[in-house]
Amino acid sequence: MMVRQRHLALPVAAAIVAGCLAPLAVLVAFSFYEVEDFDLVPAFSFRAWGELAVSSTDWFLIGKAVLSGLSATVFTAILGYPVALALTRLATSGKGLAIIVLLTPLYTGEIVRIYAWRIVLGGEGLVNTLLQGLGVIDEPLKFLLFSPFTIGLVLTYNNLPYMVLAIWVSAEMVDRRLIEAARDLGARPVDAFFRVIFPLTTPGLAAGSLTVFALAAGEMLTPSLLGGTSGSTAMALVDNLFGTAFDWPLASALALALLATLFLVASAMAGLLLRFKGARAVMGRV
Amino acid sequence: MRRASLCVLIVAAAFLYLPLVVLTAFSFNDSALMAFPLSGFTFEWYRELAQNDNFLKGFVTSFLISQPVGILAMLFGLMASLALTAPGFRWRGLFAVLLLIPFLVPKSVLSIAQAMIMSRIGFERGATALILAQSLVALPFATALISAVMVRLDPRLIEAARDLGASPWQAFLRVLLPQIRPALSGAYSVGVILSLADLTIAMFLAGRTQPLSLMVASEFRRELRPDLNAMQVVVLVLTAVLVGLSEAYRRRRLHKLAANA
């Protein structure tokens, strides 16, 4: 048989199946195994799932992951829209530069970003020194570092470029004349945004939200290194069950429950955004 | 209106670069304490860094791991893009969804699952495991970069080459490859950069291998040290150089293509 261009999908698909799907399938299998004398024994036991079902800590942590994913999505969307719309107004030569400026922070190491924020937000960091110098505060603000605020801020920072890119691509496709027509007909800029631009860019917003939600909700390093006492995450617990406690069935069940919950919330969110009239108009045209 | 957009962009850039600028400032700050106001200029921390053999070793390790990741991401991204743009590929939608999986499944979940399967089948965690896992995570990015360029190419060029008697391989080498070379270099850089940036996968799969990010993370839990700042800046500059080089290459190719056209 002749090798055709489309057959090149095979090695790639094989790599993803072996590297992603097989490990996830193994998680499913392990969640029904039993642990005896520090050894994993094949079985068909619901012990792990039963323990998970009644554990309020586990469900609290899963809810927390959803919440931090959703808040990062909302914050990046609110900040991302003005930036994306401003980008569409740049000249073509400026856009190339803007992409680089936008993407470079994305390329910096996970630990570099975490490290840098710790210096910015610390007791003697930039923000506190500045505010004290201006006489706004007398004592350094404690909540800046090692708090839920820190996690929210850094997750927003980490994911903002993805959201901007997604909305930007969508906004570039909006016919500029539609906005001008709305303005000519007397719409205020706010109305023009909510009734023309926003509906027409919901596909981009949906793509951006899906991305940011998946990345922020699954993040475990930022909370654990910058969240202080509020930094516990479902993934850190999975890591603990996997490494220290050697309870692989429970670790697998918890990881799967997290994954399934995130998947459900993400599809609900994307589905909701794509039900907007404008989104249907855009998607219908393609 | 123009001015308002410009202001928004400047504020956004300031937010994105603020932590990096502060980091850089402290790496040259003449004090062991990371506190404002800055107390003077020094190269002391960079000198200390250059004498730290551990960091140098970690640096070499990270670099050696990032190279195969870049190459694998580029090759597999190219194959995936060729398949995605192939005429008459019935499973295109399903294949595209498959390509999104390494991007959408959180890296932490994926790495733990991979660590479990590896220890069951006796595949030792270490550099090889790390390279394979990082390549997989880079694959969606590489594919997006390459296929974004490929869908915009004129398919008639390839058809013309084939009609004139070129074999598929010749048509690929002589017609397609010159046009997508900038995208390929972009895919390679993304692989390298994501590998250098990664900490999550390394935490689960590095085994006894000690890439730089892992060393910094363990130091981070103890204390902040000025020479760590200096090291972060070095990593940052190298990443920026890489981005700059690949962008310059892309532009030069585009100019050449435009000149030839």
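This is a predicted model: local features need pLDDT of at least 70, side-chain atom pairs count only at pLDDT 80 or more; totals for chains, interfaces and linings use all residues.

Reader: What's the secondary structure of chain A?

Author: Chain A has 13 helices and 2 strands.

Reader: And what does the C-alpha trace span along its principal axes?

Author: About 75 × 75 × 35 Å for chain A.

Reader: How much of chain A counts as buried?

Author: 43% of its 286 residues.

Reader: Let's zoom in. How do the axes of H11(A) and H12(A) cross?

Author: At roughly 160 degrees, and the axes come within 8 Å. H11 covers residues 234-243 of chain A, and H12 covers 248-274. Angles over 145 degrees count as roughly antiparallel, so H11(A) is roughly antiparallel to H12(A).

Reader: Left-handed or right-handed?

Author: The crossing of H11(A) and H12(A) is left-handed.

Reader: Which residues meet there?

Author: H11(A) brings Ala234(A), Leu237(A), Val238(A), Leu241(A) and Phe242(A). On the H12(A) side they meet Trp248(A), Leu250(A), Ala251(A), Leu254(A), Ala255(A) and Leu258(A).

Reader: How many residues of H11(A) are buried?

Author: 7 of its 10 residues are buried, so H11(A) is largely enclosed by the rest of the structure. The buried ones are Ala234(A), Met235(A), Leu237(A), Val238(A), Asp239(A), Leu241(A) and Phe242(A).

Reader: What covers them?

Author: The cover includes H3 (56-88) and H12 of chain A, together with H5 of chain B.

Reader: OK, on to the interface. How many residues of each chain are in contact?

Author: 61 residues of chain B are in contact with 55 of chain A.

Reader: Which helix of chain B gives the most to that side?

Author: H1(B), with 14 residues. Other helices of chain B supply at least two residues each, including H3 (53-84), H6 (127-150) and H11 (226-260).

Reader: Now Phe76(B). Where does it lie?

Author: Phe76(B) is in helix H3 of chain B.

Reader: Buried or exposed?

Author: Phe76(B) is buried, because 24 other C-beta atoms lie within 10 Å, and 20 or more is the mark for buried.

Reader: What does Phe76(B) touch, leaving out residues up to four places away in sequence?

Author: It touches Val12(A) and Ala15(A) across in chain A, and Ser135(B) and Leu139(B) in chain B.

Reader: Last topic. How is chain B divided into domains?

Author: Into domain 1 (1-42) and domain 2 (56-260). Their centres, taken over C-alpha atoms, are separated by 30 Å.

Reader: How many residues does each domain of chain B put into the contact?

Author: Domain 1 of chain B gives 7 residues and domain 2 of chain B gives 7. On the domain 1 side, 5 are nonpolar, 2 are polar and none is charged.

Conventions: Residues are numbered from 1 along each chain as its sequence is written. Chains are lettered from A and ligands numbered from 1 in the order in which they are written. Helices (H or I, at least four residues) and strands (E, at least two) are DSSP runs, numbered from the N terminus. A residue is buried if 20 or more other C-beta atoms lie within 10 Å of its own, exposed if 12 or fewer, and partly exposed in between; C-beta atoms are placed from the backbone. Axes are lines fitted to C-alpha atoms, for helices over the stretch in contact, and angles run from 0 to 180 degrees between N-to-C directions. Angles under 35 degrees count as roughly parallel, over 145 as roughly antiparallel, 65 to 115 as roughly perpendicular and the rest as oblique. A crossing is left-handed if the near helix is turned anticlockwise from the far one by less than a right angle, and right-handed if clockwise. Two residues are in contact if their C-beta atoms, placed from the backbone, lie within 7 Å. Domain bounds come from an automatic or database domain assignment. Ala, Val, Leu, Ile, Met, Phe, Trp, Tyr, Cys and Pro count as nonpolar, Asp, Glu, Lys and Arg as charged, and the others, Gly among them, as polar.
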